Amino acid sequence: MPEPYPESLFHHAERLRKIPLRTLFAEDRERSFLCRNIEGIYVDASRQRLDAAAWADLLRVAEQVEPARSDLFAGMPVNETENRPALHPALRDPRPEGLVVEGVDILSEVHRQHQRMREFAETCATRWQTVINLGIGGSDLGPRMLCETFPRASGAPDVRFVSTLDPEELNAALHGCDANQTFFIVASKTFTTEETQRNFSAVKQWLVEQGVGSGEVMEHFAATTAATDRAQESGIDAQRIFPFWEGVGGRYSVWSTVGLPVVLHAGWGAFEELLAGAHAMDEHFREAEAESNAPLLLALLMLWNHTFLGAATRAVLPYNQGLRTLPRFLQQLQMESLGKRADTHGELQEVAAPVVWGGSANDGAHAFFQLLHQGSQVVPVDAIIARGDLENERERALLAQCLSQLDLLASGRTSEEVEPADGVAPGHYVHPGDRPSTLFLMEDLSPRRVGALLALFEHATFSVAVFWGINAFDQFGVEYGKRLSRSLAEALQDSSVPAPGHTLDALLDRLRHR
Ligand code: F6P
């Protein structure tokens with residue numbers, strides 16, 4: 001269990017609630033103690049509601065990240081409830097060997113899989129026009145996002161993604177596909193997830209309906225999975241099964257063979273650079289002192305905004321459309337890692353994990369920013385933008401959008417500063433301000449830079465879980481939900497099957513007798 005937080009932090013929170021950010025900036029225009037520059041990402045947290053005294057006391061909490069951080073990198077069972085390591089840092093470790101987990105030197109296996117992915121990608125480029133990834137959650141969001149972020153390599157297949165049970169999503173992905181030129185990756189750590197298994201069955205049927213000989217159907221499939229036996233039993237050739245370990249969490253798996261669609265889309269070099277960027281962030285997280293450690297800064301800001309200042313949600317707002325799926329990716333990473341009440345001893349705690357939401361920031365400025373600016377609740381913002389070319393008018397305008405919104409959130413507009421229309425009360429125009437944000441100003445959206453960004457958020461998530469005393473790597477809540485839907489589907493089909501739960505009887509009657 002974590003140490004009790006310094007009592008002074010509660011006093012700092014009460015004190016700082018009354019000090020406008022304008023005042024803090026008037027006292028120190030740089031506020032550089034809240035800014036980090038790492039791997040070409042300028043993390044500017046100067047518009048967070050902190051001063052040097054409060055930050056100094058927050059740093060005392062940072063000490064709690066050890067020994068868990070060392071255990072993470074040593075491949076120890078940091079996932080205590082499932083007695084597993086969390087191996088995502090190992091997946092991007094360039095060393096040829098040297099990390100033995102449960103008697104296996106996993107780094108040599110990581111590099112063997114890299115070689116298999118690379119060779120497979122080379123054959124794919126000429127063999128298939130379209131590759132469709134069938135996966136959901138961590139078996140979808142990471143590769144889906146990165147295929148939107150990185151340019152398609154010359155000669156690369158058209159890589160598409162299907163995640164849900166909605167038949168219209170699958171139909172749209174198959175639209176225009178030549179069955180003889182279409183390949184599928186069944187992406188599933190457990191190889192049991194209903195959505196993915198049903199899509200797997202549906203596309204097998206589609207291939208046959210499209211005239212692919214029954215003996216050739218399985219030539220159209222590969223699997224990325226930790227359940228290699230199940231994948232092989234499904235008929236997928238072992239040569240096209242790309243395994244990863246149980247010790248890799250789904251939401252932490254884009255670095256594993258689950259990232260195969262990224263290799264097919266952007267090329268092996270891009271994926272290698274992605275891994276290198278993440279590894280560089282790993283080294284920074286391991287070695288940097290707390291006061292200059294970027295993942296610890298983000299973790300302490302989550303602790304500060306949600307435990308001490310009581311913010312219930314956090315908005316992830318990318319300004320570049322290439323990162324439009326980042327909010328969904330971070331939703332899974334952080335809400336599936338932090339959305340818990342039981343601490344590592346199973347004791348129920350009041351954990352202030354935020355609801356993480358977001359979307360295109362530029363679109364949002366014409367939609368949800370109204371609430372961010374003038375709503376009653378304070379929503380901390382993470383704004384992500386590549387600096388772009390300031391000589392380019394549109395890129396300059398996009399950056400101006402970003403910076404002006406963050407300043408307005410922080411500075412507000414007083415009733416003396418607004419210019420109300422005749423007969424309209426000034427209050428309608430006032431922006432309360434003091435709305436905190438962190439700016440992630442990226443040199444570019446290169447694979448190396450994006451790899452560093454994702455690893456930054458992974459380590460921040462892990463660290464704040466340590467501060468909150470919870471396990472970042474299990475997900476009992478969603479796993480039970482996976483089981484429920486199967487039994488309800490049976491009850492929907494057969495009225496003699498009792499419905500699970502306590503609230504559905506009347507609705508099921510209505511559905512059955514419609
Ligand atoms: O719903 C929970 C979950 O297990 C996620 O953690 C995971 O990313 C997703 O479902 C898909 O699971 P699988 O990769 O085993 O199909």
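Two strands are said to pair if DSSP finds at least two bridges between them. Helices (H or I, at least four residues) and strands (E, at least two) are themselves DSSP runs, numbered from the N terminus. With that in hand, welcome to a predicted model, in which local features need pLDDT of at least 70 and side-chain atom pairs count only at pLDDT 80 or more, while totals for chains, interfaces and linings use all residues. Residues are numbered from 1 along each chain as its sequence is written, and side-chain values use heavy atoms, with hydrogens and water left out.

**A pair of strands**

- Strand E1 (residues 35–38) and strand E2 (residues 41–44) run antiparallel and are joined by four bridges.
- Look for Asn37, which stands opposite Tyr42 in E2.
- E1 and E2 make a hairpin with two residues between them, and Glu39 in the turn has a positive phi of about 55 degrees.

**The ligand and its surroundings**

- A polar backbone atom of Gly138 is 2.7 Å from an oxygen atom of the ligand.
- An N or O atom in the side chain of Thr190 is 2.7 Å from a ligand oxygen atom, and for the side chain of Thr193 the distance is 2.5 Å.
- On its own the ligand has 390 Å² of accessible area (Shrake-Rupley method, 1.4 Å probe), and the protein covers 90% of that area.

**Open pockets**

- A pocket is an open set of points on a 1 Å grid over the protein atoms alone, with protein on both sides within 12 Å along at least five of seven lines; lining residues have an atom within 4 Å of a point.
- Grid points are joined across faces, edges and corners, and a volume is the space filled by probe spheres set on the points.
- The largest pocket holds about 880 Å³ of space.
- Its lining has 39 residues, and Thr190, Thr193, Gln475, Glu479 and Lys482 are the closest to its centre.
- Helix H19 (476–493) gives the most to this lining, with eight residues.
- The lining of the largest pocket divides into 11 nonpolar, 15 polar and 13 charged residues; here Ala, Val, Leu, Ile, Met, Phe, Trp, Tyr, Cys and Pro count as nonpolar, Asp, Glu, Lys and Arg as charged, and the others, Gly among them, as polar.
- The second largest pocket holds about 430 Å³.
- Among its 20 lining residues, Ala68, Glu80, Thr344, Val466 and Ile470 are the closest to its centre.
- The lining of the second largest pocket has 13 nonpolar, four polar and three charged residues.

- The largest cavity has a volume of about 100 Å³, and helix H13 (residues 294–308) supplies the largest share of its lining, five residues.
- Residues lining the largest cavity include Gln48, Arg314 and Phe457.
- The second largest cavity has a volume of about 80 Å³, with helix H6 (residues 106–127) giving the largest share of its lining, five residues.
- Seven nonpolar, four polar and one charged residue make up the lining of the second largest cavity, with Trp245 and Trp255 among them.

Notes
1 Å grid on protein atoms, 1.4 Å probe; cavity = no way out; pocket = protein on both sides within 12 Å on 5 of 7 lines; lining within 4 Å. Polar contact = N/O pair within 3.5 Å; in protein donor to acceptor, adjacent residues only side chain to side chain.
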